[in-house]
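Please look over the sequence and the model shown here before reading on. The report below is meant to be read beside them.

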Amino acid sequence: MLPNDETGRAGGIRINPSILAADFVNMQAELARIATADFVHVDVMDNHFVPNLTFGPQMVERVQATSPVPLDVHLMITNPDRWAPGYAELGAASVTFHLEAAKEPVALARRLRAIGARAGVAVKPATPVEGLFDLLDDFDQILVMTVEPGFGGQSFMPETMPKLRRLADEARRRGSSVWLQVDGGIGENTIAQAAEAGADTFVAGSAVFGADDPANAIAGLRATVAAHHHVH
């Protein structure tokens, strides 16, 4: 059974600009610039799980209230078992927590889904994905980090691509409709590599917010993905 465009990799391509690259002082105007995106990617960092501090629930709530597109929240935090459900309760469309930080990842995913959010799980570059193979049905999205989490503007790590390809192949073998996301150093040159390896959901920062015309940049990234998408 082939998944449809809305839920699977049969044709769905999602571009999720990261507000880590936006001008925080003019957030409402910045969000308006990405109205043609699929989601806005919101990185929550706690200065503990990663060595940086970004937004908390209050800021995410304001973004939720002003964003023209749904929120794709990425929690780079310790103890997501406790904190992640609160972000789903704020109305975020998708909440992703780190496998390395969660005590009960499947139970947490089920709780996020019960609240009404898509449940996502993220893995750092050094974390193997094989442990997720039997859990594909428990998640709506798997984020393969293509940089070490914690800072914006890092260079894409091509050594993460074989891991992504193994995950994509396994998802196809099992008929899974899980979305496969990449985050870190994604731009015109690197997005093609990630698409070829099986990603269908792409977090881009400066490649979108740093462009004079973000809508044009988003359209360009979509076109590049469409030309290189790993056909399942």
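## Basis of the model

This is a predicted model, in which local features need pLDDT of at least 70 and side-chain atom pairs count only at pLDDT 80 or more, whereas totals for chains, interfaces and linings use all residues. Residues are numbered from 1 along each chain as its sequence is written, and side-chain values use heavy atoms, with hydrogens and water left out.

Helices (H or I, at least four residues) and strands (E, at least two) are DSSP runs numbered from the N terminus. Strand 8 covers residues 201–204, with Thr 201 and Val 203 pointing one way and Phe 202 and Ala 204 the other way, and all of them are buried, that is, under 20% relative accessible area with a 1.4 Å probe and protein chains only. In a regular strand the side chains alternate between the two faces of the sheet.

Two strands are said to pair if DSSP finds at least two bridges between them. Strand 8 pairs in the parallel sense with strand 1 (residues 14–17) over four bridges, and within this pairing Phe 202 is the bridge partner of Ile 15. Strand 7 (residues 179–183) also runs parallel to strand 8, to which three bridges join it, and here Asp 183 stands opposite Val 203.

## Helix 6 and its cover

Strand 7, helix 6 and strand 8 make a right-handed β-α-β unit; right-handed here means that, with the strands pointing away from the viewer, the path from the first strand over the helix to the second runs clockwise. Within helix 6, Thr 190, Ile 191, Ala 192, Ala 194 and Ala 195 are buried, and what covers the buried residues includes strand 1, helix 5 (161–173), strand 7, strand 8 and helix 8. Just after helix 6, Gly 198 takes a positive phi of about 115 degrees.

## Helix 6 against helix 8

Helix 6 (residues 188–196) and helix 8 (residues 214–228) pack at an angle of about 35 degrees, with their axes 8 Å apart; the axes are lines fitted to C-alpha atoms over the stretch in contact, and angles run from 0 to 180 degrees between N-to-C directions. In this packing, Glu 188, Ile 191, Ala 192, Ala 195 and Glu 196 of helix 6 meet Gly 220, Leu 221, Thr 224, Val 225 and His 228 of helix 8, where contact means heavy atoms within 4.5 Å. The residues of this contact divide into five nonpolar, three polar and two charged, with Gly counted among the polar ones.

Methods: Buried means under 20% relative accessible area, exposed over 50%, partly exposed in between (1.4 Å probe, protein chains only).
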